[in-house]
Amino acid sequence: QAIVMRVTDLDGSKRLTSSNRWEATVTITVRDGAGNPVSGAAVTGAWSAGATGSGSCTTAAAGTCSVVKGNIRTGTTSVRYTVNNVTKTGATYNATLNSDPDGDSDGTQITVTRP
């Protein structure tokens with residue numbers, strides 16, 4: 001039986017990279033139905049609401065990976081990252097089970113505000 005994966009946390013961070021640019025980082029945590037970290041899961045998503053483009057990463061042993069959007073103008077007050085899919089051989093992704101324990105996202109999308 002295939003394991004079912006879900007996103008259990010999205011955390012955003014940001015930093016100024018120059019006087020008029022900043023970057024946003026989103027760390028994604030993927031776990032299975034029993035709450036165990038899933039390594040080797042490919043996370044794909046997209047930036048919107050102030051940024052454009054895609055962002056993807058592959059989870060490490062702790063079930064986490066990060067996507068970074070750089071070179072954002074400081075006139076942009078926030079950007080959003082949305083997880084589109086999580087794939088891994090022998091596993092299925094169920095987005096309806098996504099969650100975020102600290103409540104800064106819904107487990108599927110998160111907004112990062114500029115520093």
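The model is a predicted one. The protein chain has 0 helices and 8 strands, and its pattern along the sequence reads β-β-β-β-β-β-β-β. The radius of gyration is 14 Å, close to the 13 Å that the globule rule gives for 115 residues, so the chain is as compact as a globular protein of that length.

**Overall form**

- The C-alpha trace of the protein chain spans about 50 × 25 × 20 Å along its principal axes.
- Buried residues make up 37% of the 115 residues of the protein chain.
- Among contacts in the protein chain with a separation of 6 or more, 68% are between residues 24 or more positions apart.

**The disulfide**

- A disulfide is a covalent bond between the sulfur atoms of two cysteines.
- Here the partners are cysteine 57 and cysteine 65, with their sulfur atoms 2.1 Å apart.
- The torsion about the S-S bond of cysteine 57 and cysteine 65 is about 50°, so this disulfide is right-handed.
- Both cysteine 57 and cysteine 65 are buried.
- Cys57 also belongs to the covered face of strand S4.

**The sheet S4-S3-S6-S8**

- Strands of a sheet pair through backbone hydrogen bonds, either parallel or antiparallel.
- An open sheet is formed by 4 strands in the order S4-S3-S6-S8, and its pairing is antiparallel.
- S4 and S8 are at the edges of this sheet with a single partner strand each, so one side of each has no neighbour in the sheet.
- On average, neighbouring strands of this sheet are turned by 25° against each other, direction ignored.
- Strand S3 (residues 42-48) and S4 run antiparallel and are joined by 5 bridges; within S4, serine 56 is the residue that stands opposite threonine 44.
- The hairpin of S3 and S4 has 5 residues between the strands, and alanine 49 in this hairpin takes a positive phi near 55°.
- Strand S4 (residues 54-58) has Gly55 and Cys57 on its covered face, whereas Ser54, Ser56 and Thr58 lie on its uncovered face.
- S6 and S8 also run antiparallel, with 5 bridges joining them; serine 78 has threonine 113 in S8 as its bridge partner.

**The sheet S5-S2-S1-S7**

- Another open sheet consists of 4 strands in the order S5-S2-S1-S7, with mixed pairing.
- Its edges are held by S5 and S7, each with a single partner strand, so one side of each is left without a neighbour in the sheet.
- Neighbouring strands in this sheet are turned by 30° against each other on average, direction ignored.
- Over 3 bridges, S1 and S7 pair in the parallel sense, and isoleucine 3 stands opposite alanine 91 in S7.

**The nonpolar core**

- In soluble globular proteins, nonpolar side chains tend to be buried together.
- The largest nonpolar core of this model has 25 residues, of which Val26, Ile28, Val43, Tyr81 and Val86 touch the most other members.
- Two or more residues of this core come from each of strand S1 (3-18), strand S2 (21-32), S3, strand S5 (64-73), strand S6 (78-87), strand S7 (91-93) and strand S8 (109-113).
- S2 provides the largest share of this core, 5 residues.
- Leaving out residues up to four places away in sequence, tyrosine 81 touches Val26, Ile28, Val43, Thr44, Gly45, Ala46, Trp47, Gly55, Val67, Thr108, Gln109 and Ile110.

**Aspartate 11**

- Aspartate 11 is located in strand S1.
- The relative accessible area of aspartate 11 is 27%, and this residue is therefore partly exposed, a class that lies between the buried limit of under 20% and the exposed limit of over 50%.
- Apart from neighbours within four places in sequence, aspartate 11 is in contact with Thr25, Val26, Thr27, Asp102, Asp104 and Ile110.
- Aspartate 11 and valine 112 lie 101 residues apart in sequence, yet their C-alpha atoms are 8.8 Å apart in space.

Key
Residues numbered from 1 in each chain as written. Predicted model: local features only at pLDDT ≥ 70, side-chain atom pairs only at ≥ 80, totals over all residues. Heavy atoms only, no water. Buried < 20%, exposed > 50% of the residue type's maximum accessible area, 1.4 Å probe, protein only. Pairing = 2+ DSSP bridges. Core = buried A, V, L, I, M, F, W, Y, C linked by side-chain atoms within 4.5 Å. Contact = heavy atoms within 4.5 Å. Disulfide = S-S within 2.5 Å. Axes fitted to C-alpha atoms, helices over the stretch in contact; angles between N-to-C directions. Rg over C-alpha atoms; globule rule 2.2 N^0.38 Å.
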